[in-house]
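Trainee: Could you walk me through this model?

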Amino acid sequence: MKEDDFKQIMARPEINATGIANKMYEGIANPRVRLHNKINNAKSGNGHARLTDDDLSKAWEVLKDLADDIYSREPEENV
């Protein structure tokens, strides 16, 4: 997944960033804040928070799982 694609998806108003962050950063304190800071390149220490390849890989898995779940519930008249 490309960083810009992920940022555009997360900007959609129907996306719950908190739920996605919780899945991406399980067991880490303040996952929503962490994701928000990385998406917005917030200042962090001497640098800026940024999305890593690992973050984007985790995001892909969470979004793919969500898409698969949605698709599996497609109404039968559309199948």
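**Pocket and helix packing**

Trainee: What volume does the largest pocket have?
Mentor: About 160 Å³, where a pocket is an open set of 1 Å grid points over the protein atoms alone that fit a 1.4 Å probe, with protein on both sides within 12 Å along at least five of seven lines, and volume is the space filled by probe spheres set on the points, joined across faces, edges and corners. This is a predicted model, with local features needing pLDDT of at least 70 and side-chain atom pairs 80 or more, while totals for chains, interfaces and linings use all residues. Numbering runs from 1 along each chain, and side-chain values use heavy atoms, without hydrogens and water.

Trainee: Which residues line it?
Mentor: With an atom within 4 Å of a point as the criterion, the lining is Glu-14, Ile-15, Asn-16, Gly-19, Ile-20, Lys-23, Val-62, Asp-65 and Leu-66.

Trainee: How do α2 and α4 cross?
Mentor: The axes of α2 (residues 17–24) and α4 (residues 53–72) come within 9 Å and cross at roughly 115°, an axis being a line fitted to C-alpha atoms over the stretch in contact, with angles from 0 to 180 degrees between N-to-C directions. Ile-20, Lys-23 and Met-24 of α2 make the contact (heavy atoms within 4.5 Å) with Asp-55, Lys-58, Ala-59, Val-62 and Leu-63 of α4.

Trainee: And where does α1 meet α4?
Mentor: Glu-3, Phe-6 and Ile-9 of α1 touch Leu-56, Ala-59 and Leu-63 of α4; the axes of α1 (residues 3–10) and α4 come within 11 Å, crossing at roughly 45°.

Technical notes: Helix = DSSP H or I, 4+ residues; strand = E, 2+ residues; numbered from the N terminus.
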